[in-house]
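Work through the exercises below with the sequence and structure in view. Try each task before reading its solution.

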Amino acid sequence: MDAQDILTLTRRDFLVNAARGVGGLAFASLLGAEGLLASPVNPLTPKPAQFMPRAKRCIFLYMEGGVSQVDLFDPKPKLKELDGQKLPDSMTEKVRFAFLQKDTAKLLASPHPFRRYGQSGMEMSGMLPHLGSCADDIALVRSMHTEAFNHHPGELLMYTGSQLLGRPSIGSWVNYALGSPSQNLPGYVVLTAGRVPSGGNTMFSSGFMPSCFGGVMFRSQGDPVQDLSNPPGVTAEMRHLGLDALRDLNAMRHAVVGDPEIASRIASYELAARMQVSTPELTDLSGESSATLEAYGVNRDADGLKTQRGGGPDAFPTFAKNCLLARRMVERGVRFVAIHHASWDHHNDLDSDLLFNCRVTDQPVGALLKDLKQRGLLEDTLVVWASEFGRTPLGENRPSFNGRVSGRDHHPFAFSMWMAGGGVKGGQVIGETDEIGWNIARDPVHVNDFHATMLHLFGLNHEQLTYRFQGRDYRLTDVAGRVVPQLLA
Amino acid sequence: MLLLSSVSLLLAGGSAAMSATNEAPSRTPQHWAFVPPMIAKTPSIKNQRWVRNEIDRFVLARLEKEGVEPSPEADRRTLIRRLSLDLIGLPPTPEQVRQFVEDCSLNAYVQLVDSLLASPHFGERWARHWLDLARYADTSGYQIDRPRPFAWLYRDWVIDALNDDLPFDQFTIEQLAGDLLPDATIEQKTAAGFHRLTLMNHEDGTDAEEFRCKAKVDRASTTGTVWLGLTVGCAECHNHKYDPISQREFYQLYAFFNNAQEVDIPAPHADDPARFERAKKAWNGEQSRLKTQLAELTQANDPKSADVKRQLARHRRTRPKNAEAKAESFLERTAPARANIHVRGDFLRKGEEVGTGTPGVLPPLKSRRADADRLDLARWLVAPENPLTARVAVNQVWQHLFGRGLVNTSEDFGTRGEAPSHPELLDWLACEFKSPLSLNVQRSTFNVQPAAPWSRKALIKLIVTSATYRQASRVRPELQSRDPQNLWLARQNRLRLESEIIRDISLAAGGLLNDDIGGPSFRPYLPEDVKKLGAAGAFTWTDTEGPEKYRRGLYIFAQRTVPYPASMTFDQADSSQSCTRRDRSNTPLQALTLLNHGLFVECAQSLGKRLVAMPQATTRARIARAFELCLCRPPTGQELARLEQLHRDQTRLPRSSTEAESLTALSQILLNLDEFMTRE
């Protein structure tokens, strides 16, 4: 049934119903799964992948600021030996840093003990016990690298495959390629905790793609989606009467001008009305068991911990709630959920701030992985932990710190990220860095490679997924990228 | 006519022969867009009576070939709304509609066109199209996203230039090289701010050179997109894969911008002193109000005094400054412009050094001195022998009047772009635009003076007075399978309006619109959490209060990292790169915005009040008035009945609506109609 037939039917229905004084219920169901929303006019109509997908949805955990891999994911005992020593000039000669002074910088060992987790014995920080308990589902990549060494370009590269502003976000690409199974919720949702994202909402934007593919930011206070609620003074009944009349008038106009765009407009208003119902249901956690709330730590507080980098104690409950919401969203067919947490930019006070962030994130992320697994969702839900770069094994000594070295600078040459679920082979470490974690020693994985692999898991060939803008066929992986076969189960 | 056509044929042929001597091995002159446009023999057609000007001959020839009749002319109400929205972006008043409908004179339509072209709002409407190409914004982008407090000087220059109908060749020259013109005026230097609208990253610890290079890459590729319709940016890292543009040629273009130093020049604006005086007066008023309030509260020992104290402190920080406006411009260095090729696009890997130059596939560049500079580049773009610039420019104009260019890929006239739907018409328009030679029916009938060269107003007038433009936009089911995209132009297209225009017409319907032209951008209300998103708190967004907040969408402060959400929902162009055509998406978020966003609710309430205020009017009369205000037409009987039914239903609700609430609800329906947000 195409849009035209629906409208023809609808007009008849409308006239009949108007005569009987019946509202628009029949109409709403007509626009349902088999109706307009499934027709080609809706760009978010689900589409098949290019080949058999392993992942159907993604939860993209983004740790903004540059997570310190030498403290959390990539143990370097040698650093302990060399602590306080300079690096040979040859290693830093051609290297650009954001703040670090090459002449006087010294290696800084991690004070945090590492532990072996799971059957695989994966080494991660002792500050990540919950994540550690999921080690056998995680594929940890210790050989990530990027060209970007400043935050916003780096974040853009990690979210859009390019350091330049204006390209579509990864969630937009996936929705563009596959559409969204959810008819009541956006296909790409963004949840934030901690400090506000430093690049505004540019990382989640659909760039030059239509805006329907852009990330919709859910808010932690007020309306979850901007302008979701009826304005003050407008009751549900008033709105309902108004929308019925609106639909009928649009249908009358359609009868005159015959433009299928009007049918789409009617469908959009129907969908908006459904979003008004389904979004509060989604964000209402009262149906979750106390065990679940407890596991995610939804009601935790900061337990006296403090951070220098914004967010404040609210980050604890907000991040936990975001992880639980992400599960509820993927259950309801949302294709791509980004959970953005800031900030991990630990130029100084690394010890206290890193502990704070680990406490914020470790328990909820661990709970999310286990919850997904228990519900049978992990096998086709890809979970990714990402950051724009890592941090230097050298202590940061910018002049304004007056000799107090308590953090690390940006390190794009070798850092760690992980993925789990959705066709990923867990319980393994990919790649290796040299003994101080400066350079990659084995199996480098570029951001474009990581993206190529993510798309591959979705059943998409990154070289064939293109969008033409300004006469050029753009890709998420720009002109590079290769799938990392070791990551695949 | 014949004679004139052959002259231009001769001219075109001459230039082709001239450039052929400079043929580079990579040339593919057979691609249509690299061959200079020529005035083709006007096609012969049967239905002479339908034709209003030359455009129609080309369109009708195609229709007759397909055996398709054109659509009838749209009714007058549709025509006046269409024309007003297309030319000034504002709806006509019910009175203007009535006059036009009742005007039986032969040239009523042309007079309407002339008056709209003469309206100062014309410049606003068409400036917005140009600002999309110019990637206009009020901040510099990336993490810090620093405000550019006088970016609007450039925006206002564009508005003025369009209102003055500055010929497109001069418009081009001033924007690319206004600073290099002899005795350049402040306005010309301001115009050169076109290429200052690139992004800049002020994040701590960045390598400034990296972003300077990115800006210059953007300048070269944006120039290619906007004037040549070529994707020269594809040759940044390697030779172009499809078009004859080498990486070396890309860096020759880049070299033109390598010598241009960014400078901010004092640019006092005529309006500054008056604006400052107004702002100062308003500020003083608020200051004394707060002081009085504080004194009273302190006297009464009211704890609210602490609040007022804080308000007063905040207010002190907003004291208006009599700023000496500074326009963003360029200053050319004296040494000849050179650039190194960036190996694989990496600015750290410097390759061969090149001088300035233009792609060899196009006619040669004539420079004033040994080394060509930006002024030479600008003049080369608008030289008569350039095969692309005029075609690209007329196509952009066509696109805004039909929703789709004659070349659909208005950004790409290269070998990978789409072929023109009406190649002869495109060429005829391009020639007519550059040098209006040909006689046309319209002129002989109405005794119109020949147009000036490169006049956009003349071009727009030519297009909107054609029978092609004036057709009804009703979809023709019999053509849906044969011509689903309406490429043959057997009807007009129905176009959802742009984000700014939806805002403007909603404000206008509510009687709230402040149609002041120009000046600093304003900041509409944003929820606190969205405000905070901006630049990680590097600067604050203070909602504009008072009548300024009802200004046209064109003047919304464009913050690159947090584009105004309600505008983005309606496909506003992303200001980080040049955008030649916007999407027209149709999403549930648009519905939520128009139904629930504070501004649109306010417009509905305000329209409701206008209806309530009608003395002794029946509900029918009020509904009819709302239709006139929103859609420029009376309701049909069916529509009227349906809305009357709504009005009755509302009074039967458990908590029955007041008359004001009912009429607000009714107004809201009109402001959400597909027809309202569509140019038919």
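**Exercise 1: overall size**

Task: Decide why the radius of gyration of chain A agrees with that of a compact globule.

Solution. The model is predicted. Start from the length: chain A has 489 residues, and a compact globule of that length would have a radius of gyration near 23 Å. Chain A has 25 Å, so the two agree. Next, take the extents. The C-alpha trace of chain A spans about 85 × 50 × 45 Å along its principal axes. Then check burial: 60% of the 489 residues in chain A are buried.

**Exercise 2: fold and domains**

Task: State what secondary structure chain A holds and which domains divide it.

Solution. Count the elements: chain A has 14 helices and 17 strands. Domain 1 covers 3-44 + 228-276, and domain 2 covers 57-226 + 291-487. The C-alpha centres of these two domains of chain A lie 42 Å apart. Nine residues of domain 1 of chain A are in contact with 13 residues of domain 2 of chain A. On the domain 1 side, seven of the touching residues are nonpolar, one is polar and one is charged.

**Exercise 3: the side facing chain B**

Task: Find which element of chain A gives the largest share of the side that touches chain B.

Solution. Begin with the totals: 57 residues of chain A and 72 residues of chain B take part in the contact. Helix 7 (151-160), helix 9 (236-257) and helix 10 (260-283) of chain A each give two or more residues to the chain A side. Helix 9 of chain A gives the largest share, twelve residues.

Terms used
Residues numbered from 1 in each chain as written. Chains lettered and ligands numbered in written order. Predicted model: local features only at pLDDT ≥ 70, side-chain atom pairs only at ≥ 80, totals over all residues. Helix = DSSP H or I, 4+ residues; strand = E, 2+ residues; numbered from the N terminus. Rg over C-alpha atoms; globule rule 2.2 N^0.38 Å. Buried ≥ 20, exposed ≤ 12 C-beta atoms within 10 Å, placed from the backbone. Domains from an automatic or database assignment. Contact = placed C-beta atoms within 7 Å. Nonpolar A, V, L, I, M, F, W, Y, C, P; charged D, E, K, R; others polar.
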